[in-house]
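Work through the exercises below with the sequence and coordinates at hand. Each task is followed by a stepwise solution.

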Amino acid sequence: MTTHAPTRTGASPAPVPHGEARAPDCVERRAARLEQRFGDPGDRANPLGFRALLTADEERELLPAAEDVLDDEGFGAELVPEALGGRLHDAEGLARMLRPVFRRDVALGFGYGITSLFAAAPVFAAGSEDQRAHTARLLASGGRAAIVHRSLAHGTAMLRGEVEAMPYGVDGYVLRGRKDVVINAERAGAVVAYVRTDPAPGPAAHSVFLLDPDPLRREGLRLLPRRPATGLRGCRFAGYEFDDCRIPGTALVGDEGTGVRLALRTFQLNRTLITGAVIASVDTVLRAAVRAAGTPGRRQRSVLAGVFADLLAADGFATAVLRGLSLLPTSAHLAAAGLKYLVPDLLRDDLEELATVLGAGGYSRDTDQGMLSKLLRDLPAAGLGHAGTASCQAVLVPQLPLLARGSWGRESAPPPALFLPGATVPALDISALQVAGGGDFLVAALDAGIARLTGPGAPGDPYGDVLRTMAGAFRGALLDLRESCLAVEPGDRAALSGSALPALADRHAVLCAAGAVLGTWEHHTEGFPADPAWPVLALHRLGRRLGLTLPSLPADCVDRVAEELLARFAAGRGFDLHDAPLAEAGTP
């Protein structure tokens, strides 16, 4: 890796407080061991490589040898909170563990791993002691949990269909209904179902139940046939039909009528983990494009450097939100929705750019170049398409008028631990996550960064000049956003359901990403993350999404970012902020 002098401009961040550095066990070592266990994915002789993974995908199966590695590493314990005997301390650490998996196969990450956590999350948040312990043992031993979602508008097939519960006996229920598409329905040792318990519409109409599918098969539960899928083809999508299945009252998770609130609480974790993990999937396609380009010409260098800058920006955004789940649980819902609202679009645009470098090789079937076509199929199925955007809009839009009145321009800068490399955070407490209210910590980070860049004492080198001008443009965009949102009365249903506020949510998400870029860069003091070239390029690309008038890039900006990318490729290192060694050779 090339190392540029830390030529940051602006004020230096505070030093890392005593005790803030992450202890050396840790997640880093486990993630590195998992990366090495999988081996070089580009090696055609590797039974865990891209060739084998793509063959398994053609056969609509997860690669058995890859699942065996995850079993052998006890990966299920990564999904269980430390307080329940597992290894899950915080969401950033779990995302770090997921990246070696997602770098190879999004379907493997879903089918083996995080779908079970998404199912278990409401149990960990609100279940009884026995429910939490049972679910923890299941996951830690390598078992699967399946999730039966409630029916949602704008939903994918997984979100269509409904199960209802009627009271039965003293405190029991009878379940009726059908869900045609459930990941791991055939393999699940536990089913977490969002069930309608009140026929009246409203936020208290649904409840969550923890079900054991084996005895329920004697009570009228029928497993529906596996359904083919366009994306995540290796995952096993089947379904359940509940025909007057009697269940005890002890199956209820938390209180009756809290299903929607539990879903909104746990969706924050889901949205953030998926987005943070899939960055590694785009790393794979960028690596293939670098290999295909050989000695890239100027246009190719510009494309490759731009995508690399986007990956660093996306990683900074994801890291801040993953840590925010622990550090700022009353505010993380907003940042989590913004992250999943913007970053999938950003990454899809990046994949389209990379396709111009890969050419027809991006659609081959047995090399890393072929991962482009697979990823384009998998992203929508992973919730990174229209349905995910609509659900995030539903979180963001109602809060914009409130934020304009109470947060923007008034909120203090967030804690440095959101951005400091290697910072530790408190243990994740899913039950502490809130679904409304709180502040807007990434816009606060943007405000603070702008103030430092435009204040007295800011240096005047070429990068400092460009950053100062960019800061002024982003400040103008934030003021315009505030003015537009102040014109909408909170709770005005006509305005909230119109077309104007979703467009403002677009702009808000980009401004949050810009805040994460500045915070990440300012709090890194060494290595390439401290170099101003990448934030300048990343902010320039974000500014284009807002239609801002921005200064020209410094003459060497693209080349500096491209040189770092090529150096990491040659050394076999990751394209994210961690810059960690990978189990592959770079230069052929």
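Buried means under 20% relative accessible area. The model is predicted.

**Exercise 1.** Decide whether Leu372 is buried or exposed, and place Leu372 in the fold.

Solution.
1. Leu372 belongs to helix H11, which spans residues 371–381.
2. The relative accessibility of Leu372 is 1%. The cut-off is 20%, so Leu372 counts as buried.
3. Between Leu372 and Leu354 there are 18 residues in sequence and 8.7 Å in space, taken C-alpha to C-alpha.

**Exercise 2.** Which residues of the largest nonpolar core touch the most other members, and what does Leu286 touch?

Solution.
1. The largest nonpolar core has 172 residues.
2. Phe110, Leu286, Phe317 and Leu442 touch the most other members.
3. Leaving out residues up to four places away in sequence, Leu286 touches Leu304, Val307, Phe308, Leu311, Leu354, Leu565 and Phe575.
4. A second core, separate and of 23 residues, includes Tyr173, Val191, Leu221 and Cys245.

**Exercise 3.** Describe how helices H1 and H3 are arranged relative to each other.

Solution.
1. Two packed helices are described by the angle and the distance between their axes.
2. The axes of H1 (residues 26–38) and H3 (residues 64–72) come within 11 Å and cross at roughly 150°.
3. Angles over 145 degrees count as roughly antiparallel, so H1 and H3 are roughly antiparallel to each other.
4. The crossing of H1 and H3 is right-handed.
5. On the H1 side, Leu34, Arg37 and Phe38 meet Ala66, Val69, Leu70 and Asp72 of H3.
6. By class, this contact has 5 nonpolar, no polar and 2 charged residues.

Definitions and conventions:
Residues numbered from 1 in each chain as written. Predicted model: local features only at pLDDT ≥ 70, side-chain atom pairs only at ≥ 80, totals over all residues. Heavy atoms only, no water. Axes fitted to C-alpha atoms, helices over the stretch in contact; angles between N-to-C directions. Helix = DSSP H or I, 4+ residues; strand = E, 2+ residues; numbered from the N terminus. Parallel < 35°, antiparallel > 145°, perpendicular 65-115°, else oblique. Left-handed = near helix turned anticlockwise from the far one by under 90°. Contact = heavy atoms within 4.5 Å. Nonpolar A, V, L, I, M, F, W, Y, C, P; charged D, E, K, R; others polar. Core = buried A, V, L, I, M, F, W, Y, C linked by side-chain atoms within 4.5 Å. Buried < 20%, exposed > 50% of the residue type's maximum accessible area, 1.4 Å probe, protein only.
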